[in-house]
Amino acid sequence: MVHLARIPTDKDVTAPLVDGLEKIKFDDVGQDTLTTSVYGSRFAAEDLPKYEMPEREMPKEVAYRMIKDDLTLDGTPTLNLASFVTTYMEEEAEKLMIECFSKNFIDYEEYPVSADIQNRCVSMIARLFNIPSHDENTNAMGTSTVGSSEAIMLGVLAMKKRWQEKRKAEGKPIDRPNIVMNSAVQVCWEKAARYFDIEEKYVYCTADRYVIDPKEAVDLVDENTIGICAILGTTYTGEYEDVQAINDLLIERNMDTPIHVDAASGGFVAPFINPGLLWDFRLERVVSINVSGHKYGLVYPGVGWAVWRDPEYLPKDLIFNINYLGADQASFTLNFSRGASQIIGQYYQMIRLGKHGYRSIMLNLTRTADYLAANLEQLGFIIMSKRGGSGLPLVACRIDPSKGKVYDEFAIAHQLRERGWVVPAYTMAPHSECLKMMRVVVREDFTRSRCDALIADFKLACQTLDAMDKKKVEEHQE
């Protein structure tokens, strides 16, 4: 597992790369590291330090070159069509962000303008989500986070704490909270539930429904339900869940269960492409929303945002007041120190592009996604994602089983990988995992020209696999 690293033992470190062959030792090339080229220095003939910090320093030029060379084995971000994360920003934005690398955003006293820029972003995003700013009694609140995962954690914590306070006031037990959500949620929702001891109540996907069923969701609500999660753009197919239907059912049944909208991907898409869609604070039961700035907010990772309708939905017990950074300040985050760069980047994008700029970009992405879907459909794929702006600008597809192909989506993904593309193949959410599928995320820098190149490679991949018999396909996959 990449993100949880095992510490190698001394035996692991000294073991040869190939069994039976000791590590090759070179003669001493001397210590003249100042006048020779990088590749003529002793560092080019040695392993890069991997397990223990070296005793001596190395020249900065050598360190830079060695690490840069190491990183060449990474994939190309622009060809990684598995990720929603932004891979392009303008040079001016990058320059601003670099200039803010050394600023610790949490230190509001030292960097008051950076803190104020966060507040400006929160206000712009809350208004984008139709917070009732025309009402003088509105007291919406929000904060930046390191991504939607942290924003979701904060949203879940707030719902749980509010539920506990209500139950305590009624003299009822608080030991069995639960949350209702679609089985196709992003993994951070499962993390939030397990980390905070909340039972997960799932509305499972089916072979022909990949989003939450509003009636099933509301039917699962009981006295221990802290809230319902609704997703504006699922990870699997990019489809928007029907937040309005959930909201209306709760009102019809006179239930005060709050809704948290996970708009990680769709929060910067729907307001520009489908402004008439009711999913945000225009709905009475929607109390909090999260969105990722580093997805369709068009900022490099990682930055996210969380907005609450009113302090009523953000219990005071979760907000900490500190003064050891030079002034009294409130804090509601899971982490503490972090750079100001991404927040500055978000502000740049919002004032640089404005609503018209974001709308233009999202329209282009939607058109490109529709174009790609039409071509893949012509190649014989079944399109599982929505078109025409009814969902995220992505294409989810699968092989038509009636075609009788001897290969699957994973074989096509492998073929595309040989051409440099990262197009994920995966199985659908629990209870519908018999479905295999592929997904192409259309990002800002995925132009029509690049899309044509991908279509050509899709076609080539299918032709290559069609020319193989079943045995050869299996051997190739192995």
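1. Start with the second largest pocket: 29 residues line it, and Asn-119, Val-122, Met-141, Gly-142 and Thr-143 are the ones nearest its centre. Its volume comes to about 630 Å³. The terms here are grid-based: on a 1 Å grid over the protein atoms alone, a pocket is an open set of points with protein on both sides within 12 Å along at least five of seven lines, a cavity is a set where a 1.4 Å probe fits but cannot get out, and a lining residue has an atom within 4 Å of a point. Grid points are joined across faces, edges and corners, and a volume is the space filled by probe spheres set on the points.

2. Some ground rules before going on. This is a predicted model, where local features need pLDDT of at least 70, side-chain atom pairs count only at pLDDT 80 or more, and totals for chains, interfaces and linings use all residues. Residues are numbered from 1 along each chain as its sequence is written, and side-chain values use heavy atoms, with hydrogens and water left out.

3. At least two lining residues come from each of α4 (112–128), β1 (141–145), β7 (304–308) and β9 (329–331), and α4 gives the most, with eight. Helices (H or I, at least four residues) and strands (E, at least two) are DSSP runs, numbered from the N terminus. By class, the lining of the second largest pocket splits into 16 nonpolar, 10 polar and three charged residues. The classes are Ala, Val, Leu, Ile, Met, Phe, Trp, Tyr, Cys and Pro as nonpolar, Asp, Glu, Lys and Arg as charged, and the others, Gly among them, as polar.

4. The largest holds about 50 Å³, and its lining is Thr-86, Thr-87, Tyr-88, Lys-295, Tyr-296, Leu-298, Leu-365, Arg-443, Glu-444 and Asp-445. That lining has four nonpolar, two polar and four charged residues.

5. The second largest cavity holds about 30 Å³. Its lining includes Thr-366, Ala-369, Asp-370, Lys-386 and Arg-387, and also Gly-388, Gly-389 and Gly-391.

6. For reference, buried means under 20% relative accessible area, exposed over 50%, and partly exposed in between (1.4 Å probe, protein chains only).

7. The peptide bond from Pro-301 to Gly-302 is cis, with omega near -5°, and Gly-302 lies in the loop between β6 (286–292) and β7. As background, most residues other than glycine have a negative phi, and most peptide bonds are trans.

8. On to the rings: the structure holds seven aromatic pairs. Among them is Phe-268 with Tyr-358, stacked at 5.8 Å centre to centre with 20° between the planes. This pair links distant parts of the chain, 90 residues apart: Phe-268 is in the loop between β5 (259–262) and α9 (270–273), Tyr-358 in helix α10 (residues 341–378). Phe-268 is buried at 2% relative accessibility, and Tyr-358 is buried with a relative accessible area of 2%. Rings of Phe, Tyr and Trp (its six-membered ring) pair if their centres lie within 6.5 Å; planes under 30 degrees apart count as stacked, over 60 as edge-to-face and the rest as tilted.

9. Phe-381 and Phe-458 form an edge-to-face pair, 5.6 Å centre to centre and 80° between the planes. Phe-381 lies in strand β10 (residues 381–383) and Phe-458 in helix α12 (residues 448–466), so this pair ties together parts 77 residues apart in sequence. Both Phe-381 and Phe-458 are buried.

10. Phe-268, Phe-272 and Tyr-358 are linked by ring pairs into a cluster. Separately, the charged end of Arg-448 sits over the ring of Tyr-371, 3.6 Å from its centre; the criterion is NZ of Lys or CZ of Arg within 6 Å of the ring centre and within 35 degrees of the ring normal.
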